[in-house]
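Have a look at the picture below, then read on.

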Amino acid sequence: MNAALHRFPLAAPAPDEAPLADALRALMDARQTVLPKRLVEPGPGADELREWLASATSAPDHDRLRPWRLVLVPAAQRPRLGQAFADALRERDPAATADQLEQAHDKALRAPVLLLVVVNGAAGDPEIDLNERILSAGCAVQNLLLMATARGWGSALTSGKALKSAALRALFALGPQEHALCCLSVGTASTRKPTPPRPGVHEIVRTLTDAGPIDGLHTEPNPDTP
Ligand SMILES: Cc1cc2nc3c(=O)[nH]c(=O)nc-3n(C[C@H](O)[C@H](O)[C@H](O)COP(=O)(O)O)c2cc1C
């Protein structure tokens, strides 16, 4: 492990540790969605895959429930996932055409690596509600996305109505309290778009004041104007 990471809990970073923060900033800025249709071989090999998946384990996790699972869908199982996607479309649209069903099916065949992210809303302490469990899963997913970016792979999250379908729930043997959150795909990016513009801090932060929460970051003790 990086020496700077070992020292991290002790104090604010020393000046010589600024590169770690800079590297992390650059990594976060570089992460972008590369849709599965643009993710091609080669994907990570077996050792790389294991190391990559391990990055999920440091996600914060209230009461250490580990309320989420990453279900790998290997190449040999993709046609079954494709069938579930097609069945899901037929479930909600009995008039779907053969072309539409084929398109739905083929979405499962893209990207060298495909995981389904599943959260369990019930296992362990019931005081830890679904929101907390999904948040923990989101943190794990972000670890995976950042590690994929650090390794030079393209990555994407995808969702859609099929995730709630009876066909998909049956394929993954989901219990009544389990929810499929999204698919996570990884591979070599065949093309990339420019990274999308990120919002300014003022767009994502509000500050609580005597007058209630106001837009933006206000660090002065008594902001008098919103
Ligand atoms: C839970 C989740 C599900 C998503 N599902 C889809 C999807 O089905 N299709 C898609 O094009 N993008 C999907 N996205 C990706 C977002 O569209 C993307 O993150 C957003 O446009 C910002 O772009 P960036 O990831 O390149 O920063 C999903 C993102 C999240 C967090």
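Predicted model: local features only at pLDDT ≥ 70, side-chain atom pairs only at ≥ 80, totals over all residues.

Residues are numbered from 1 along each chain as its sequence is written. Helices (H or I, at least four residues) and strands (E, at least two) are DSSP runs, numbered from the N terminus.

Let's start inside. The largest nonpolar core has 38 residues, and Phe85, Val117 and Leu144 have the most contacts inside it. Two or more residues each come from α4, β3, α6 (130-150), α7 and β5 (178-189). A nonpolar core here is a set of buried Ala, Val, Leu, Ile, Met, Phe, Trp, Tyr and Cys residues joined through C-beta atoms within 7 Å. As for "buried", that takes 20 or more other C-beta atoms within 10 Å of a residue's own; exposed is 12 or fewer, partly exposed is in between, and C-beta atoms are placed from the backbone.

Who does leucine 144 touch? Leaving aside residues up to four places away in sequence, leucine 144 touches Trp52, Ser55, Ala56 and Leu184. Contact means that the two C-beta atoms, placed from the backbone, lie within 7 Å.

Strand β3 (113-120) is largely enclosed by the rest of the structure, because seven of its eight residues are buried. With β2, β3 pairs in the antiparallel sense over five bridges, and arginine 69 stands opposite valine 118 in β3. Strands β3 and β5 also run antiparallel, joined by eight bridges, with valine 113 opposite valine 186 in β5. Two strands count as paired if DSSP finds at least two bridges between them.

Now for helix α4 (residues 78-92). Its 15 residues reach 21 Å from first C-alpha to last, close to the 21 Å expected at 1.5 Å a residue. That expected span is 1.5 Å times one less than the number of residues. Leu81, Ala84, Phe85, Ala86, Ala88 and Leu89 are the buried residues of α4, and they pack against α5 (98-106) and α7 (166-171).

Most residues other than glycine have a negative phi, and most peptide bonds are trans.

Proline 42 sits in the loop between β1 (39-40) and α3 (46-54).

What surrounds the ligand? Gln32, Thr33, Leu35, Leu157, Thr158, Ser159, Gly160, Cys182 and Pro196 do; a residue is near a molecule if its C-beta atom, placed from the backbone, lies within 6 Å of it. By class, this shell has four nonpolar, five polar and no charged residues. Ala, Val, Leu, Ile, Met, Phe, Trp, Tyr, Cys and Pro count as nonpolar, Asp, Glu, Lys and Arg as charged, and the others, Gly among them, as polar.
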